[in-house]
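This report considers how parts of a multi-chain model meet one another. Please look over the structure before reading on.

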Amino acid sequence: MTKPIDTSIYTAVTDAIRTEAQRILSEGQVSAIVGYAAARRKGSAQPIVISQPDDAAKLIFTPACVNNLAVYLTKAKKEIPKSGKIGIVVKGCDLKALSGLMGESQLKREDIYLIGVPCAGVLASTVQPATELTTDSIAPKCTECDAHLPTGCDFVPAQTPVAADLEKKYAAEITRLEALTPAERWAYWKEQFSKCIKCYACRQVCPFCFCEQCLCDRNKPQMVDTTPRPAGNTAWHIVRAMHLAGRCAGCAECERVCPMDIPLNLLNRKMAKELKELYDHEAGFEVLDKGPLNMFTEKDDQSFIK
Amino acid sequence: MKKKKMIISQETMDVDFVRKVEALSGTSVRRCFQCGKCSAGCPMGTFMEHPPNRVVRLLQLGQWQRVLAGRSIWYCASCETCSTRCPNKVHLASIMDALRKLSWDAEGASKESYVQLANKLFLQNIRTYGRQYEMRLAAVFNVKSGQFLKDLMLGPKLFAKGKLKVFHSKNKNMSEIEKIFTRIEEMRKKGEAL
Amino acid sequence: MSRIGVFICHCGENISRTVDVERVAQEVGKLPGVAFSTDYKYMCSDPGQNLLKKAIQDQKLSHIVVAACSPRMHEKTFRKAVEAAGLNPFLCEMANIREHCSWVHENKEEATVKAVEIVGMMVERVKKNRVLPTITVPVTKRALVIGGGIAGIQAALDIADCGHEVILVEREPSIGGHMAQLSETFPTLDCSQCIMTPKMVDVANHPRIKLYTYSEIELVEGYIGNFQVTIKRKARSVNEDTCTGCGVCMEKCPVRKIPNKFDCNLGMRPAIYVPFPQAVPNTPVIDRENCIKFKTGKCGLCQKVCGPGAVDYEQEDSLVVEAVGAIVVATGFDLYTIDEKPKGSAIKGYGEFGHGKIPDVIDGMTFERLASASGPTGGKILRPSDGREPKQIVFIQCIGSRAREKGISYCSKVCCMYTAKHTMLYHHKVHDGQAYVFFMDARTPGKSYDEFWRRSIEEEEAVYIRGMVSRLYQKGDKIVVMGSDIAVGVQVEIEADMVVLATAVQPQKGADLLAQKLGISYDKYNFYSEAHAKLRPVECATAGIYLAGACQGPKDIPETVGQASAAAAKVMTLFSKDKLEREPIVARVKESGCVGCFACKKVCAYGAVEEKEIRDRQGNLIKTVAFVNPGVCAGCGTCQATCPSKCVELDGYTDEQVIAMIEAL
Amino acid sequence: MHSEKQKHTFEPKIIAFVCTWCTYAGADLAGTSRMQYPSNVRVLKFPCTGRIDPVFILKAFQQGADGVLVSGCHPGDCHYIAGNFHARRRFAVFRKLLEFVGVDLNRLQFSWVSAAEGGKWVEVVTDLTEKVRAMGPMTEFKELAMEEQWSGAIDTPELKEAYNQI
Amino acid sequence: MSKPNIMEYSYYPGCSLHASAGEYDLSTRELFKVLGIGLTEVPDWFCCGATPAHNVDELLSLSLCAKNLELADKVEGDLAVACAACFSRLKTTQHVLAESDVKRKQVEKAIDAPLKLEGKVKHLLEILATDLGLERLAAAVNKPLSGLKVACYYGCLLTRPTDVTNLDCVEAPTIMERVIEAAGATTVPWSHRMECCGANFTLSRPGVVIQLTNAILDSAKAAGADCIMVGCPLCHGNLDIRQKEIEGVYNVEYALPVFYLTQLVGLATGLGPDKLGLDAMIVNPTPLLKEKQLL
């Protein structure tokens with residue numbers, strides 16, 4: 001049963017963002033703000049960097065504001081001024097990524113002005129941008145969201161999002177796959193990975209793929225086949241999932257940008273599930289000294305070790 | 001008595017009594033470090049309310065009344081297993097001897113009467129006859145302990161086998177045994193011996 | 001193009017019995033890059049090694065693989081031989097075809113095939129081996145000793161006696177530590193001060209010991225052989241150089257009733273004071289919190305009476321920097337108190353013992369001061385409440401210790417013995433008194449220790465009662481002790497005049513903060529962690545830092561002194577060479593690729609990874625990257641496996657080498 | 001007697017990644033004690049299990065290994081204080097990932113083998129060899145390597161049609 | 001009396017041997033006659049006081065034993081003692097009085113005689129195994145006890161207290177085994193060789209004795225013994241006389257004849273049942289001995 005999701009607060013949120021942006025830019029608290037603006041297609045949104053108080057009116061927040069803007073503070077920093085504090089509009093899921101990046105010394109809290117947005121959900125990448133947000137059109141990642149209201153920000157609009165009770169899409173799919181035999185799972189992933197054209201869009205969009213040289217691009221030695229062939233593609237996705245384990249905050253940008261529709265976030269969610277079960281780790285707003293795979297306790301599970 | 005709270009002070013710890021036990025037994029009570037080996041090997045341990053180690057422990061605390069009030073000391077079989085195996089050379093069998101002696105001196109606060117009766121009769125027999133005559137000992141014991149029918153089945157059989165002799169002659173030197181008894185009594189009266 | 005030489009050893013018949021060595025040599029000879037391959041009866045013998053050296057020269061070999069026994073057996077041998085022949089030793093690898101092949105397989109065909117593959121893998125590996133120069137680190141031959149108790153004193157004296165300069169830093173105004181407070185010492189009952197003070201004087205007079213008392217460690221930088229230590233010298237208000245120690249200032253000071261910490265607050269001292277008469281240095285310090293001059297600006301009596309004019313109210317805290325090559329940490333212990341602890345503290349106090357509110361319930365150290373001839377009572381055991389001599393005294397062991405619920409699960413190790421000692425001291429001083437001890441176990445492992453304990457019972461007539469005390473409470477001027485004797489199985493009640501608690505040994509307050517400055521690890525109680533519980537008990541995992549005494553865990557005096565000398569020996573081993581040489585199996589960071597996520601730093605157990613700023617010529621910060629200090633790195637490679645972009649590599653075990661081996665399969 | 005040993009149709013390739021201080025030494029001990037075990041295993045020595053990158057396991061499977069063993073010091077015995085603890089977490093997670101993409105975890109064994117456990121080394125290696133032998137060759141990665149197409153299987157009728165028209 | 005005796009001993013039989021343990025006395029005298037060992041009974045000996053005396057009155061116990069030692073001194077030869085309890089008491093007395101001057105003076109006063117404590121007190125086992133020697137003993141055997149599986153029961157007082165009786169190792173003695181093996185018998189290893197039978201509680205607390213003695217019989221039976229050999233009349237009393245009763249209480253069947261050591265050794269030297277007092281045994285040994293062709 002398709003049900004609409006209440007996004008009525010988004011207008012008020014947009015207004016609040018604009019006011020705040022205008023204020024901090026004019027007061028000189030920040031030198032620029034990364035946020036969302038309307039794009040050409042009706043109802044669509046795109047990232048924008050503004051540095052003039054007057055441009056604050058360009059900022060919006062709508063169900064089409066899917067992108068995780070965190071990536072603009074690190075490797076996609078080209079259009080952002082080198083000095084001064086930067087403001088950024090963040091949904092809960094995006095804030096988790098920022099916290100992760102801070103924990104990995106890629107960002108400093110004091111360099112950022114966080115404008116948190118109360119968010120009831122955004123649209124799936126598969127639907128038209130002007131579509132109404134419903135239990136069907138909502139992005140799969142939003143079905144598992146536990147961070148509708150970011151905390152610890154410098155500014156959050158006063159609105160409270162109404163969280164709909166949704167069927168958890170990834171959890172359901174993980175459960176389905178886990179019930180299969182190894183051979184069946186292998187067949188599933190073989191088919192998925194065989195679609196891969198190794199465009200590396202997933203890598204490009206991921207806030208955590210900030211390595212200057214990716215392991216999978218290395219030639220001396222060649223750990224992973226770099227040509228877009230099934231063996232190398234499979235290895236790439238396994239290495240990617242492993243390197244994101246304990247770090248990925250679940251923004252699902254990889255999956256959104258994949259031109260071949262490979263369910264990449266499924267791997268990331270599976271890893272997150274395991275880390276929760278094994279080490280009670282969940283990506284959150286808190287900046288951690290050490291990620292779950294950079295630490296240990298003496299009592300860690302070792303039932304799999306002979 | 002056993003469960004009663006123990007109030008410990010220099011007054012309640014009767015060190016003099018313990019010293020007496022040590023003098024009689026020729027062994028140190030304080031040496032015991034309560035390893036429990038004596039109780040572990042005691043054949044009579046299961047019959048005692050204070051196992052052997054606890055008897056010593058109570059002495060260490062000067063709580064001899066608790067020991068004498070119980071049956072434990074009268075259930076010691078004098079098998080010497082404890083003394084043989086004690087890692088601290090505490091001669092517990094001798095301590096038991098001393099405690100029984102002192103128990104008699106203290107006019108037997110103990111509940112155990114049968115063993116005491118048997119012992120008393122045994123010694124009386126020696127004083128009277130110089131030697132021990134089992135038939136007489138058993139008969140008198142049964143009468144005095146009110147168990148007229150005890151071991152009734154054994155009697156005739158033993159008699160038939162010649163194991164119980166009814167008639168016996170006294171030693172020729174009987175006066176000497178009486179002298180030993182009286183001399184010891186005198187020494188004790190004068191405080192020359194414990 | 002590499003010219004690899006492969007040498008197959010027969011090991012007598014140990015290898016050749018099940019491995020066709022000639023065939024292995026032949027097969028391996030065909031591999032690309034292999035210029036020479038041969039087999040020999042005993043490669044490790046002199047003729048074998050000569051064969052190797054000769055082949056290197058004659059055949060101009062660039063890399064060597066010796067297929068023989070386990071590298072754990074002879075890797076050093078062959079690397080030395082290779083070095084003698086002019087090659088870098090790390091261009092030689094061993095293929096283990098004995099322990100891992102000929103000895104564990106019986107089928108000659110199988111074993112031969114496996115041997116060929118093992119050697120083949122090592123051939124591929126050795127191609128990727130790089131020249132690794134031995135790492136040398138300069139060593140500053142001066143040592144820092146932190147803590148002036150018996151551990152620090154012993155370590156300092158040993159190192160200084162060996163000819164090296166020592167900086168000894170002590171937080172208190174005098175060295176001596178807890179041992180100076182003790183009355184007598186077990187198991188010999190010799191007077192603590194009698195054996196302690198000569199050592200303190202030795203420290204004061206030693207030409208190679210620089211003593212900083214009333215000082216604390218502020219900052220520690222550098223690494224093994226090359227530490228820079230900043231020391232804060234707190235303002236003493238008395239000039240150490242000019243003060244003669246005459247003591248007139250102390251006599252004239254109008255403030256006299258300040259409880260003396262050294263006497264566990266039983267005795268009183270003036271505001272300008274030395275903690276005890278035998279203090280080293282014998283220079284007083286002004287307690288600015290209680291000094292009238294500092295509080296009101298009036299008085300100034302001490303300055304007026306001071307002949308040499310040593311009193312200086314203007315003195316300020318100062319910082320000194322010392323360069324040292326090694327650090328001995330000897331910060332000692334503190335005693336647990338039964339007082340109420342702050343809410344949320346992992347350590348709890350004893351409400352059932354009155355939270356320290358019953359005046360005649362004291363701890364072991366207070367008893368030491370009472371029993372000490374130089375103590376506040378002149379060696380008389382007297383009750384703090386009314387000064388009466390206690391006739392019934394109860395000692396209780398394991399207060400805090402072995403009490404998980406109270407927050408400490410370890411055994412404090414010294415209490416059994418010092419309680420036995422206390423009962424003896426008490427019996428010697430109060431002939432008509434009676435001592436009782438409540439205990440759970442008597443733990444007396446040590447030379448003459450059990451005999452000592454037994455003596456307290458058998459000769460000194462202490463009554464030991466096995467069982468813990470449930471509660472203490474004041475009743476009139478008595479303290480009711482509610483215990484049990486578990487050997488008898490009854491409750492026991494004693495009305496005591498005084499109760500002495502054997503409270504747990506804990507690390508000094510602030511031990512964790514010092515550890516953080518030093519970069520050494522500590523356990524959940526703040527005891528410092530040794531590098532290996534059995535084989536490296538006096539070294540920290542952080543190279544160049546050593547442990548002595550109770551800062552590592554509860555210890556008695558003999559053990560402390562032993563460990564202090566051991567730590568000194570470790571320091572001397574380090575100082576025996578001008579340069580520290582070490583195997584070059586260490587991690588290196590490829591700075592161009594490093595993005596500074598510091599995952600490597602997070603997993604490094606040795607603190608070898610530092611943050612390094614890369615700047616352009618104008619001095620602008622380009623980025624911050626990881627830097628592995630080769631003097632500290634132990635070479636485990638955990639950083640490399642953790643680094644997502646593999647920008648840190650462990651020399652000798654690089655990804656290239658590993659992948660080459662896997663690909664050789 | 002080994003001549004009578006049963007000939008197997010399939011001999012698996014097993015790669016063992018081990019630490020030098022415990023498991024490598026344990027394997028040495030098995031040798032000095034002349035214990036016997038299948039000759040299928042190839043040992044790669046590392047200073048510590050902490051150095052073992054999950055990518056190596058992947059690489060080993062890709063290179064044709066039918067089984068992989070990772071073995072190091074028991075918890076608390078690490079020569080490098082905590083390398084094995086880090087490795088334990090890393091592999092606990094990595095094996096879950098492999099399992100999820102369809103690798104049969106019976107081919108991947110982790111163990112603690114100390115320098116004193118020559119017998120355990122033999123047992124671990126023998127068990128893994130026999131288990132993998134019974135499972136047959138690891139074909140998954142080999143098949144992938146055989147596939148040459150660049151992307152996307154042409155298996156839908158529409159695609160086939162489009163392809164044929166070119 | 002054709003040959004002169006090779007050894008001479010004074011002899012302290014003790015009260016039991018003159019009463020319930022008559023067969024021990026008889027077999028001892030007969031065996032020693034065969035072996036050429038002279039026994040002269042100490043005239044007018046008294047009871048040693050046994051366990052009851054030392055239990056409650058050590059001084060009395062010491063005095064009685066000292067008196068007997070004094071009497072024995074008047075007879076030539078070391079003192080041979082048959083009863084383990086008497087043996088233990090006499091030895092203990094010698095030991096205690098040698099150690100404690102205080103007690104020695106008290107005892108001298110009690111018996112009104114000076115103490116010499118020089119004469120040696122020996123149990124029969126010691127005489128057979130050491131003084132006579134196992135070789136000579138074996139030589140006297142003309143009817144070896146082949147096939148007879150004997151459980152040697154030491155009880156408490158042959159070896160204890162430690163450092164006092166010095167008969168053999170206090171925890172693992174072998175003297176009884178050595179003696180009876182010299183007579184051709186087989187011995188069985190068993191667990192309860194030295195456990196207490198309850199001894200003097202036989203009168204006051206028979207329930208205790210029954211429990212303890214049952215454990216001993218059970219252990220001997222389980223070890224495959226045909227019979228038990230003892231050197232103490234108190235033990236014998238409990239094991240033999242109470243055996244039927246115990247079988248009744250525990251509903252078991254032991255049928256283990258309990259021999260005195262002199263009875264079995266005597267049998268091996270060819271002495272007849274009448275000279276060994278076999279008919280006095282409560283558990284009838286005849287079927288066993290017939291089966292083993294020893295009668």
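## Contact between chains B and C

The model is predicted. In it, 18 residues of chain B are in contact with 16 residues of chain C. On the side of chain B that touches chain C, two elements each supply at least two residues: β1 (6-8) and α3 (52-60). The largest share, five residues, comes from α3(B). Sorted by class, the residues on this side of chain B comprise seven charged, six polar and five nonpolar.

The strand β1(B) also pairs with a strand of chain C, namely β26 (residues 490-496); the pairing is in the parallel sense and runs over three bridges. Within this pairing, I8(B) stands opposite I494(C), a residue of β26(C).

## Domains of chain C

According to the domain assignment, chain C contains domain 1 (4-127), domain 2 (235-316), domain 3 (338-506) and domain 4 (583-664). Between the C-alpha centres of domain 1 and domain 3 of chain C there is a distance of 69 Å.

## Two helices in chain D

In chain D, helix α1 (residues 23-32) packs against helix α4 (residues 118-135), with the axes 7 Å apart and at an angle of about 95°. Because of this angle, α1(D) is roughly perpendicular to α4(D).

Which residues of the two helices meet? From α1(D) they are T23(D), G26(D), A27(D), L29(D) and A30(D), and from α4(D) they are G118(D), K120(D), W121(D) and V122(D). By class, this contact of α1(D) with α4(D) has five nonpolar, three polar and one charged residues.

How values were computed
Residues are numbered from 1 along each chain as its sequence is written. Chains are lettered from A and ligands numbered from 1 in the order in which they are written. This is a predicted model: local features need pLDDT of at least 70, side-chain atom pairs count only at pLDDT 80 or more; totals for chains, interfaces and linings use all residues. Two residues are in contact if their C-beta atoms, placed from the backbone, lie within 7 Å. Helices (H or I, at least four residues) and strands (E, at least two) are DSSP runs, numbered from the N terminus. Ala, Val, Leu, Ile, Met, Phe, Trp, Tyr, Cys and Pro count as nonpolar, Asp, Glu, Lys and Arg as charged, and the others, Gly among them, as polar. Two strands pair if DSSP finds at least two bridges between them. Domain bounds come from an automatic or database domain assignment. Axes are lines fitted to C-alpha atoms, for helices over the stretch in contact, and angles run from 0 to 180 degrees between N-to-C directions. Angles under 35 degrees count as roughly parallel, over 145 as roughly antiparallel, 65 to 115 as roughly perpendicular and the rest as oblique.
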